[in-house]
Amino acid sequence: MKREGIIFIISAPSGAGKTTLCKEVIDIFRNLRHSVSYTTRQARPGEVHGRDYFFVSPDEFQRMTAAGEFAEWAEVHGNLYGTAVKTLEEYRKSGVDVILDIDCQGAHQLKERYQGGVFIFILPPSFKELRRRLDNRNSDSVEVIERRIECAAAEIKESRWYDYIIVNDVFSKAVEELKSVLIAERCRTRRVLDAVAEMFDIT
Ligand code: 5GP
């Protein structure tokens, strides 16, 4: 069925398990991709330019911002992150659904811009569990972990204006819930009405 690609915007405090959840559903669903963001942060071990992020210099990021190349951008934990307009438009026009793993500031900017966007917030089951997950990751320094926990309380308040909230306590259950949201949104009348009219020749 021909239709525009859907933009799924997913936010969560760092450590809620958002990246793993997104990877899981992208592996399951055909016609669903991850939008690769631009960032000025350093690549972590194992991260690949063009797959995980486009790692750019602050100067290049600034140039792109000034040229209006970002649909949204924000400073998160001291680094700049942005989603290119070009990436979103290509997916939307070609009918491919896309997941954006972005922070609340960026999500706010897209709420204005993409009326058809679907906003999903992933919560950890508790602050205690959030700290445990961040400690276990071993990828960030103690200072970075502390900064992320401080941010989490403010970010969690933002969940109020999202369309869906998923609590990632039991991973398999969270995957099922996320899959259900994606499937239901794909069936929304307003998204498929044009295709249905064409299929059955109705006006
Ligand atoms: P990390 O550095 O751990 O990969 O990501 C840090 C935070 O930046 C996460 O909350 C992630 O969702 C957010 N982020 C990643 N890409 C973007 C983006 O393009 N725009 C915005 N606003 N946030 C992003």
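Which residues point one way from β7, and which the other way? Asp97, Ile99 and Asp101 point one way, Val98 and Leu100 point the other way, and all are buried, where buried means under 20% relative accessible area, exposed over 50%, and partly exposed in between (1.4 Å probe, protein chains only). In a regular strand the side chains alternate between the two faces of the sheet.

The structure is a predicted model, in which local features need pLDDT of at least 70 and side-chain atom pairs count only at pLDDT 80 or more, while totals for chains, interfaces and linings use all residues. Residues are numbered from 1 along each chain as its sequence is written, and side-chain values use heavy atoms, with hydrogens and water left out.

Helices (H or I, at least four residues) and strands (E, at least two) are DSSP runs, numbered from the N terminus. Strand β7 covers residues 97–101, and five of its five residues are buried. Two strands pair if DSSP finds at least two bridges between them. The pairings of β7 considered here are listed below.

| β1 (residues 7–11) | parallel | four | Phe8 |

**Arg41**

Arg41 lies in the loop between β3 (37–39) and β4 (53–55). With 8% relative accessibility, Arg41 counts as buried. Its side chain forms polar contacts (pairs of N or O atoms within 3.5 Å; within protein, one must be able to donate a hydrogen and the other to accept it, and residues adjacent in sequence count only if both atoms are side-chain atoms). One, of 2.8 Å, joins the side chains of Arg41 and Glu47; another, of 3.4 Å, links the side chain of Arg41 to that of Tyr81.

**Two residues with positive phi**

Most residues other than glycine have a negative phi. Asn31, although not a glycine, has a positive phi of about 65 degrees. Asn31 is found in the loop between α1 (18–28) and β2 (32–34) and is partly exposed, with a relative accessible area of 31%. Asp201 likewise has a positive phi, near 55 degrees. Asp201 is placed in the segment after α8 (189–200) and is exposed, at a relative accessible area of 70%.
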